[in-house]
Amino acid sequence: MKIIVAGTGFVGLTHAAVISESGHEVYAYDIDKAKIAAYRSAEREQIERYVNEPGLATVIAENIGRYLFFVDDIKPIIEGTDAIFLCLPTPPNPNGSSDLSYYFKALNDIAPLLANRVDQRRIVLVNKSTVPVGTARQLERILKEHDVPNFGIASNPEFLPEGDAVERSRRPDRIVIGADTEEDLRIIRRIYSQFVNHVRIRYIETTPETAEAIKYVSNTLLLTYISFWNGVGGRIGETFPNVRMEDLKRGVTSDDRISTWGSYVSNGAGGSCFGKDIQSLIYQLQTAGQSADLLQSVHNINEYQKSYLLERAVAEAGINFNHKSVALLGLAFKKQTNDMRDASSLKVVEGLLARGVREIRAYDPLAIHEAKRFFDPNKNHLFEKITYHETVQEALRGSDAMFISTDWEEFRGISRTIEQCVEPPYLVIDGRRMIPDFEELVAHGYSYLAVGSPYLAAGATK
Ligand SMILES: NC(=O)c1ccc[n+]([C@@H]2O[C@H](COP(=O)([O-])OP(=O)(O)OC[C@H]3O[C@@H](n4cnc5c(N)ncnc54)[C@H](O)[C@@H]3O)[C@@H](O)[C@H]2O)c1
């Protein structure tokens, strides 16, 4: 099949690379010429500057020039195309609704090319972007307005988790296709032929609107579950003495009906999707006259969670951050990615700067390059207070307190490193519960404040 993937961010690049492994002729297209040039080089370092996913650079290197091609212009390749996957950004507007301007701009660029095709074979436009319910129908209307002949529309939402994108694209738990006609479903089945009759992968065919809704319900349900643990489990652990969070989790999730995934407490769930998708669904329901109270509470809990540990540090540990130096371990929104969109670290930095810290000593194994973009001193001179460090040790030295914001494995059991680098009195703020032997730290004079536990002052026995 000849396929165009429009938009080569996390979703588009991964999708293009992985479907090219099936021997399709895949053209990955983006208006960002610098990005396309970087991908075309097939050099790991260049690719990972934009999308850093385990195994992705290798898949690209193996398929480029044979099955996978990178283009910044689709006009020359539009003839003979069977499908165009739209993997375009759909960021939130200030009122929470989805900003579809990138999406419609791309469509308005592509539609005239489709209208002028010589071959006029059936072509399916497949939405992979997360878009409000009913958007595929708008897509159909736009293409009709441009007199595009012989086309179909489909919705194929993407569920890949960042940090494991390649593996999960190769072995998804489900493929959801919403389309109107058997002809279009058949074209998409040929693209995904390795998944259609797979014993473990559910291949679901439905209407475009249902497929769009499946994406929103899935993401908001996952965030609801995470927020339940933070807003209920976490609060219980922080309020009542002697409740052990890890035992609570094990006890509850021993029930087969209750998921272990998401049954942890943390300083909030970030990333480019959860926050934006829940706000978009709230907006979609409310503008349709429905209540979205549950979703609104979930969103509020998640946002509160991102920086409430700073409030606890002031109220419970009595720390005044003014003129203090704080080591910030982890900037990415989760481990195994360099993505910082909506990361909790953004809220932590904001909160620390607002409290007048002297310095933020930041460390992250992958996201420093991204962080420098997010914390550009030209946008806010206070970002000059952020210094970047190549090791945990370097970040810790000279600090008065530390904050673990990302669940990188290298932060797990970090207590000995802390003891080697900084002397008490010292406050350890653990947003990910990464220090199982925290009691030893406390016995050695460090104070410990973790999500899901009461504050432990230096020397406390419980
Ligand atoms: N990131 C995820 O984990 C994830 C998971 C599931 C779904 N999604 C959804 O997938 C969509 C894409 O997300 P993403 O994270 O890949 O976004 P992204 O911002 O990383 O990438 C989007 C790409 O589209 C390109 N682009 C913008 N306008 C264009 C145009 N007119 N023509 C061609 N290319 C254009 C941009 O240059 C960029 O490279 C969003 O709707 C998102 O909600 C994302």
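Cysteine 421 counts as buried at 13% relative accessibility, where buried denotes under 20% relative accessible area, computed with a 1.4 Å probe on protein chains only. Cysteine 87 is likewise buried, with a relative accessible area of 9%. The cysteine sulfur closest to that of cysteine 87 belongs to cysteine 273 and lies 12 Å away, which is too far for a bond. The count of disulfides, each being a pair of cysteine sulfur atoms within 2.5 Å, comes to 0.

The model is predicted, so that local features need pLDDT of at least 70 and side-chain atom pairs count only at pLDDT 80 or more, whereas totals for chains, interfaces and linings use all residues. Residues are numbered from 1 along each chain as its sequence is written, and side-chain values use heavy atoms, with hydrogens and water left out.

The protein chain is assigned domain 1 (2-206) and domain 2 (216-298), with bounds that come from an automatic or database domain assignment. The centres of domain 1 and domain 2, taken over C-alpha atoms, are separated by 30 Å. To the contact between them, defined by heavy atoms within 4.5 Å, domain 1 contributes 14 residues and domain 2 contributes 9 residues.

About 870 Å² is buried between domain 1 and domain 2, and carbon and sulfur atoms give 53% of this area; buried area is the accessible area (1.4 Å probe) that two parts lose on being put together, summed over both. Of the area that domain 1 buries against domain 2, 37% is supplied by Pro92, Gly96 and Thr130, more than by any other three residues. Between domain 1 and domain 2 there are 0 salt bridges, a salt bridge being a side-chain nitrogen of Lys or Arg within 4 Å of a carboxyl oxygen of Asp or Glu.

Methods
Buried < 20%, exposed > 50% of the residue type's maximum accessible area, 1.4 Å probe, protein only.
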